[in-house]
Amino acid sequence: MPNIKRPKKPATARKINAAASNENDEIVFLGTGGARYVFAKQLRATGGMLFRIGGRNVLVDPGPESLYRLLTYLPKFNPEKIDAIVLTHKHIDHSADINVYLDVITRGGFNKHGMILAPQDAYGEDGVIYNYLLEFLKKRVVIKEKSTFEIDGLRFTFPIRHEHRVETYGFKLAYAGHTISYITDTKFFDGLIQAYKADIVIMNLIKLGPSEIDHLSIDDCEAIIMGTNPRVAIITHFGMTMIRKGPWNVARQLKEKTGVTVLAAEDGKHYTIEKLLSYGR
Ligand SMILES: [Zn+2]
C-alpha cells in the first residue's frame, strides 16, 4: 500500500512554513479496515488515524496492529510524541492497541504524559483500558454527549451519541477556522447531519448494503454528504463487501451522485489538510 513521502526541505524553511501556513498539518491513516474478518486477516490495516495538526499529535481509534502500522508508515515519528488518544468506542477494531500506546507514551509510567478521551463504558471493569495505566497519564476525560475538550487550540466536540451497540461518539474538530468531522460507527439517523457539518467529513463505511443493525450504508453516506455539504468527504473502515467492490469505485459513485469530492482512504497515506481544503464545493 502506498506510503506517500513528501519531498524534503531544509529544516529552517520547514519551520517557517509550518508556523505561517500549517502546510504540514495532516491526517495519516494507520488503517482503513474495519470489522472482524478484515482485521483478523489484516486485509487492510486497522490502526486508526493520526491527526498531526497545529503541532499536536492526536491518535484516534488504535485498533489491532496500530503501533506496528505507525512505526511502519511513519518510521521517523516517535510515538512518545502522541499528546492525546481519542477512543470513539470500545469495540476491538477501534481499541485493541490502546493499552500498548498508553504504556509507550508514558514510558511504562516513568514519564507522566498524555491524555485519553473515551466514553465511560471504555473504562472500569467492563472496559478496555487498564486501570493501572491511567495513573501514568496527565489527564483522563470521559466523553459525553455535547462535551468539548481543547488541546492547545484544537477544539474537540462530541456532538451526539451514536446508535451503536456500545457507547459511541464521533467528533468535530475545530482549529484555525477549519472543521473536520469524524463519523465513527453508527446506524444512520437524521441528527448526524446537523451534528457533523464540517469542511472535511470522514465516515466509516463498512458495508455496501442497507444498514443491518448499526452501520452506515452507501445510501446513508450519500445522505450525509448531501446534508453536510463538505469540501471533501473521506470514506474509511472498510469491511469485506467494500473491499470486494473496491472502495475507490464506491467513492466515485458517491461523487457522481452528490457532486462532492469523495476519497477512499488508503492505508499509510498522508492527507494534508491544505490539500483537503482545496477541493471545491
Ligand atoms: Zn463498532
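1. Start at one strand pair. Ala 118 has Val 142 as its bridge partner in β6. Strand β5 (residues 115–119) and β6 run parallel and are joined by five bridges. This is a predicted model, and every value below is computed from it.

2. That pair belongs to an open sheet of seven strands with mixed pairing, in the order β6-β5-β4-β3-β2-β1-β14. β6 (139–143) and β14 (270–272) are the edge strands, each pairing on one side only. Neighbouring strands are turned by 20 degrees against each other on average, direction ignored.

3. Which helices pack on this sheet? Helix α3 (residues 66–73) touches β1 (26–31), β2 (46–53), β3 (56–60) and β14. The direction of α3 makes about 125 degrees with that of β1. Helix α5 (residues 98–105) also packs on the sheet, touching β1, β3, β4 and β5. The direction of α5 makes about 170 degrees with that of β4.

4. Now the other sheet. An open sheet of seven strands runs in the order β7-β8-β9-β10-β11-β12-β13, again with mixed pairing. Its edge strands are β7 (147–151) and β13 (261–264), and each pairs on one side only. From one strand to the next the twist averages 20 degrees. Helix α8 (residues 218–228) packs here, touching β10 (178–183), β11 (200–204), β12 (232–236) and β13. The direction of α8 makes about 165 degrees with that of β11.

5. Look at the β7 end. β7 and β8 run antiparallel, with five bridges between them. Ile 151 has Leu 154 as its bridge partner in β8. Asp 152 sits in the loop between these two strands. Its phi is near 45 degrees, a positive value in a residue other than glycine. Most residues other than glycine have a negative phi. Asp 152 is exposed, because its relative accessible area is 53%, over the 50% cut-off.

6. Follow the sheet to β9. Three bridges join β8 to β9, and the two run antiparallel. Thr 157 stands opposite Lys 172 in β9. Where do the β9 side chains point? Phe 171, Leu 173 and Tyr 175 point to one face and are buried.

7. Next comes a hairpin. β9 and β10 form it, with two residues between them. The strands run antiparallel and are joined by five bridges. Tyr 175 has His 178 as its bridge partner in β10. In the turn, Ala 176 has a positive phi of about 45 degrees.

8. Which residues have the most contacts inside the largest nonpolar core? They are Phe 51, Ile 180 and Ile 202, and the core has 34 residues. Leaving out residues up to four places away in sequence, Phe 51 touches residues including Ile 27, Val 58, Val 60, Phe 171 and Leu 173. Ile 180 and Ile 202 are also among the residues Phe 51 touches.

9. Check the metal site. His 89 (NE2), His 91 (ND1), His 164 (NE2) and Asp 185 (OD) coordinate the zinc ion at 2.1 to 2.4 Å. In sequence these donor residues are spaced H-x1-H-x72-H-x20-D. Why is the arrangement irregular? The four donor atoms subtend angles of 90 to 169 degrees, and a tetrahedral site would need all angles between 85 and 135 degrees.

10. His 91 lies in the loop between β4 (84–86) and α4 (92–95), and His 164 in the loop between β8 (154–158) and β9 (171–175), so the pair ties together parts that are 73 residues apart in sequence. His 91 is buried at 17% relative accessible area. His 164 is buried at 12%.

11. Last, the region around α10. This helix lies across β12 and β13, at about 170 degrees to β13. Arg 252 is found in α10 (residues 247–258), and at 45% relative accessibility Arg 252 counts as partly exposed. Arg 252 and Ala 264 are twelve residues apart in sequence, with 8.7 Å between their C-alpha atoms. His 237 lies in the loop between β12 and α9 (240–245). Its phi is near 65 degrees, a positive value in a residue other than glycine. His 237 is buried, at 6% relative accessibility.

Notes: Residues numbered from 1 in each chain as written. Predicted model: local features only at pLDDT ≥ 70, side-chain atom pairs only at ≥ 80, totals over all residues. Heavy atoms only, no water. Helix = DSSP H or I, 4+ residues; strand = E, 2+ residues; numbered from the N terminus. Buried < 20%, exposed > 50% of the residue type's maximum accessible area, 1.4 Å probe, protein only. Donors = N, O, S within 2.8 Å, 3.2 Å for Na, K, Ca; no water. Tetrahedral: all angles 85-135°; square planar, octahedral: opposite > 155°, others 65-115°. Pairing = 2+ DSSP bridges. Axes fitted to C-alpha atoms, helices over the stretch in contact; angles between N-to-C directions. Contact = heavy atoms within 4.5 Å. Core = buried A, V, L, I, M, F, W, Y, C linked by side-chain atoms within 4.5 Å.
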